[in-house]
Amino acid sequence: MKRIYLAIILVLVCGLTVQEAWAGRGKKEPNKGYRFTLFIYGNTDTVMYLGNYYAGGTYAFDTARISNKGMFVFEDKEAVLKPGLYFFVNPAGTYVEFAVYNNEKLDFHFDTEEPGWQSNMKVKGSNENKLLFDFHKANRAVFRTIDSAQAAMTDSAAFAAFRQHQMMRLDSIKYAYIDNNPNSLLALLMNATRDPDIPDTDKDGNKPGDREKWEYLMEHYFDNSRLEDDALVRTPLAVFKQRLDRYLNVYLKNAPPDIIIKYVDPLIDRAKPSKENFRYLVHTISEKYLQSNVMSYDEIYVHLVKRYIEPGLCEWMSPSTVDMNVKRADTWEKLLIGKPAPPLIMKDDKGQVQSLYNLKGKYTLLIFWSPTCGHCKTIIPDLYKRYAHYKERCDIAAYAVLSEPDDATRPKWHEFIKANHLDWINIDGGEANIDWHEVYNIETTPQIYLLDKDKKILAKKLDAETFEEVIKALEHIK
């Protein structure tokens, strides 16, 4: 018996609660209320939990204690269960899955015995679940045949051939269930894990190269997934979440922003008919690139906000959350790679007015830092040493802004400058031509930019080492 170990959490918020009404677009309203009875012959448990999947996670939302008739009864006359894969699980982690799908009236009776809940399961009141357990039974029969053959056959080559034949038989069984029941949850689950078959030749009969194969894979990776079906997000890890993670983190790893946008837009757009999947994709993908340390990936976050959040397509978001994302995207949009850095005019540590745009140099380092910041204490001296090493050779200027210009910090700033011999333009950020904290979105320090001769942003989110790597790459220094 497979086992899982679950943190039993009563989740009553967001999209994880079964109490939230089903809002899938273009779908019939599901039946209100549910009643599930579970009898397990030979059972010694006194309590059982009912739960569902959400993006690969497991969430318990109901509890039943054994009745005097030896049954567990889960009942809620007001709840509306969203379509997907659900499960019964005992305190030790033994579980069995079942389907809520196709608007069936949720009055199911499950009857099984110890050991082997799934293999012994009988169900009344649900064609979806009869199909699901029949499929599991057909699969187990094939594996029993393989196990018997392994015990009886002494020729390893003959057994390998036999096993291969049986695995092909498993595929035949799977595809027969899909073909005969295309609109079932079982078909959704099995189809969603299928990778596209990449053609051996293109339309002109030519063999595709690696680039062409990759492009085909990216364009068709989710062809077999019902992105318009609310049930997709309420499935185990391998069905949807894991595949999405592989798509973003493996196949699109290190891709430039325009390529990532090219492939994630159609993916999200296809999910629009499903409020559940659309919500999950917008949240997951925008959050990924919001948190990314890759200097150019903020462009992806800005694009997603402008395309989906700002136009009001994300109905689940509160007005304050929408406003927060739009405001951040508006700020980040002005700081994208290739954009001119917002002008800065402030006084230096000697009281002289210094304009960022008046600095001469092929490159300019723009730094926001504070001596009270632990990271700054480590990074700034290292950054200065590398800057000083390349300053003359690569014609680099520097504009280093104190990010906490208050009376408590200024003495520490002067001491740090002197102790570390920071002989670049040290700027007191107290008086400025703009609110640079907001304009440059200075929420953490240090923030380090590299600008070109026209003060356009070449690189950002730098540390000392990446600054040196960028300069060496730009100047072709080995």
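Which helices and which strand each supply at least two residues of the lining of the largest pocket? They are helix 9 (319-333), helix 10 (374-394) and strand 14 (447-451), and strand 14 gives the largest share, three residues. Helices (H or I, at least four residues) and strands (E, at least two) are DSSP runs numbered from the N terminus. This is a predicted model, in which local features need pLDDT of at least 70 and side-chain atom pairs count only at pLDDT 80 or more, while totals for chains, interfaces and linings use all residues. Residues are numbered from 1 along each chain as its sequence is written, and side-chain values use heavy atoms, with hydrogens and water left out.

The largest pocket has a volume of about 720 Å³, and of the 26 residues that line this pocket, Ser292, Asn293, Thr444, Gln447 and Lys461 lie nearest its centre. A pocket here is an open set of points on a 1 Å grid over the protein atoms alone, where a 1.4 Å probe fits, with protein on both sides within 12 Å along at least five of seven lines, and lining residues have an atom within 4 Å of a point.

The second largest pocket, with a volume of about 490 Å³, is lined by 18 residues, of which Phe135, His136, Leu186, Leu189 and Met190 lie nearest its centre. Helix 1 (127-152) is one of the elements that each supply at least two residues of this lining, and helix 1 gives the most, with four residues.

Elsewhere, helix 6 (residues 257-270) and helix 7 (residues 275-290) pack at an angle of about 160°, with their axes, lines fitted to C-alpha atoms over the stretch in contact, 10 Å apart. The two helices are therefore roughly antiparallel to each other (angles over 145 degrees, on a scale from 0 to 180 between N-to-C directions). The contact (heavy atoms within 4.5 Å) includes Ile260 and Val264 of helix 6 and Phe278 and Leu281 of helix 7.

How values were computed: Angles under 35 degrees count as roughly parallel, over 145 as roughly antiparallel, 65 to 115 as roughly perpendicular and the rest as oblique. Grid points are joined across faces, edges and corners, and a volume is the space filled by probe spheres set on the points.
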